[in-house]
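Morning, everyone. I have one model to walk through today, and I will keep it quick. Here it is on the screen.

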Amino acid sequence: SPPAPGNANQPGQPAPNPYYPYAAPPFARPPGPLFTISPGGRAFLLSVAVAILLGGGIAAGVIAFQRSYDRYSSVAKTQQVAALINQGVTAYNARDYASAARFFELAQSGQPNAKERATIAFNLTAAYVQLARLAEANQRWDEAREWYQKALAISPDDRNAHLGLAAALEHLGDANGARAQRGDAPPADSHQDTPATLELNPRANDPYNPNNPDSAQTSKPADPQAFLNDRRARAQALLDEGDQLAKQNDLEGARQKWREAISAAPATPERDQAQERLDRSQPAPKFDE
């Protein structure tokens, strides 16, 4: 009889099977995938597959659509930063320095260009200094110290913030710290006082400029849905132009307009209508008799 499981095998005999011959095989954890793809990678591969399936012409339209949306998004973000700056300036000039600081912080967290970053830094520093002075007026020296420190974190050479922080530290009993802050302050002739008012962004065509009489201050930055609506309207106009050319028996011109409509708004009903017109306009194939 075969040796019982677990018994030592006899010399010259094969090693015993550690499992009974009719027992179910041991369960093993299935091996994991050899590699995984990130969500971004899957989206990229899907776009490549769609481009291959759609064909070169339509794929080019999809790519052009994406590039147009990227440009549109960039403009929308720039307008949003400008709007936040102007809202902060309006609040600052109304002496609502807390609201002004929040607007400038939001603008700073957006995607401002170099000039806007400098403007935001100047305005935000001024708002923090004004908040510190309000705290001083109410003998809240701990709060004043924090606001002055926030101002210096943005503008390390701001004389007003250095001297204000020195005064706050003196009232808090930190004479050495106050002395160091006075030593770090730039000369008086090289610095201007914190402004009482700030200037609005003077963009003539900026729809978010409160000085622009053609716009409302409550207008919102453009969103992806507005962009899609614009593209659909453009595709519909191209559809109509193609239909008009078809009525004039200019089939080649009509087909060109329908192709442009397909590229203008892929994955929309207007795109499908343009494709249907394009397919119907193709000449019937001729077969040799």
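Start with a crossing: helix 4 and helix 5 pass each other in a left-handed way. Keep in mind throughout that this is a predicted model.

Some geometry on that pair. Helix 4 covers residues 114–137, and helix 5 covers residues 141–154. Their axes come within 8 Å and cross at roughly 165°. An angle over 145 degrees counts as roughly antiparallel. Helix 4 and helix 5 are therefore roughly antiparallel to each other.

Who makes the contact? On the helix 4 side we have Ala121, Leu124, Thr125, Tyr128, Val129, Leu131, Ala132, Arg133, Ala135 and Glu136. On the helix 5 side we have Trp141, Glu143, Ala144, Trp147, Tyr148, Lys150, Ala151 and Ile154. Sort the residues of this contact by class, and you get 13 nonpolar, one polar and four charged.

Now step back to the whole chain. The protein chain has ten helices and zero strands. Along the sequence the pattern reads α-α-α-α-α-α-α-α-α-α. There are 289 residues, and 32% of them count as buried. Next, contacts with a sequence separation of 6 or more: residues 24 or more positions apart account for 55% of those.

Helix 3 runs over residues 97–109, which is 13 residues. The buried residues of helix 3 are Tyr97, Ser99, Ala100, Ala101, Phe104 and Ala107.

How does helix 3 sit against helix 4? The two axes come within 9 Å and cross at roughly 150°. That makes helix 3 roughly antiparallel to helix 4. The crossing is left-handed here too. From helix 3, the contact uses Tyr97, Ala98, Ala101, Phe104, Glu105, Ala107 and Gln108. From helix 4, it uses Ile120, Asn123, Leu124, Ala127, Tyr128, Gln130, Leu131 and Leu134.

Is leucine 124 buried or exposed? Its relative accessibility is 0%, so leucine 124 counts as buried. Leave out residues up to four places away in sequence, and leucine 124 touches Ala101, Phe104, Glu105, Gln108 and Ile154. Take glutamine 108 from that list. Leucine 124 and glutamine 108 are 16 residues apart in sequence, and their C-alpha atoms are 9.1 Å apart in space.

Next, another buried position. Glutamine 181 is in helix 7, residues 175–184. Why does glutamine 181 count as buried? Its relative accessibility is 14%, and the cut-off for buried is under 20%. Setting aside neighbours within four places in sequence, glutamine 181 is in contact with Leu152, His162, Leu165, Ala166 and Leu169.

Helix 9 is residues 251–264, and helix 10 is residues 269–281. They pack at an angle of about 150°, with axes 8 Å apart. So helix 9 and helix 10 are roughly antiparallel to each other. Their crossing is left-handed. Helix 9 brings Arg255, Trp258, Arg259, Ala261 and Ile262 to the contact. Helix 10 brings Arg271, Ala274, Gln275, Arg277, Leu278 and Ser281. By class, that contact has five nonpolar, two polar and four charged residues.

Last, the backbone, for anyone checking torsions. Arginine 95 has a positive phi of about 65°, although it is not a glycine. Arginine 95 is exposed, with a relative accessible area of 68%.

Then asparagine 249, in the loop between helix 8 (224–247) and helix 9. Phi of asparagine 249 is near 65°, again a positive value in a residue other than glycine. How exposed is asparagine 249? Its relative accessibility is 68%, so asparagine 249 counts as exposed.

That is my run-through. Over to you.

Note on methods:
Residues numbered from 1 in each chain as written. Predicted model: local features only at pLDDT ≥ 70, side-chain atom pairs only at ≥ 80, totals over all residues. Heavy atoms only, no water. Helix = DSSP H or I, 4+ residues; strand = E, 2+ residues; numbered from the N terminus. Expected span 1.5 Å × (residues − 1). Buried < 20%, exposed > 50% of the residue type's maximum accessible area, 1.4 Å probe, protein only. Axes fitted to C-alpha atoms, helices over the stretch in contact; angles between N-to-C directions. Parallel < 35°, antiparallel > 145°, perpendicular 65-115°, else oblique. Left-handed = near helix turned anticlockwise from the far one by under 90°. Contact = heavy atoms within 4.5 Å. Nonpolar A, V, L, I, M, F, W, Y, C, P; charged D, E, K, R; others polar.
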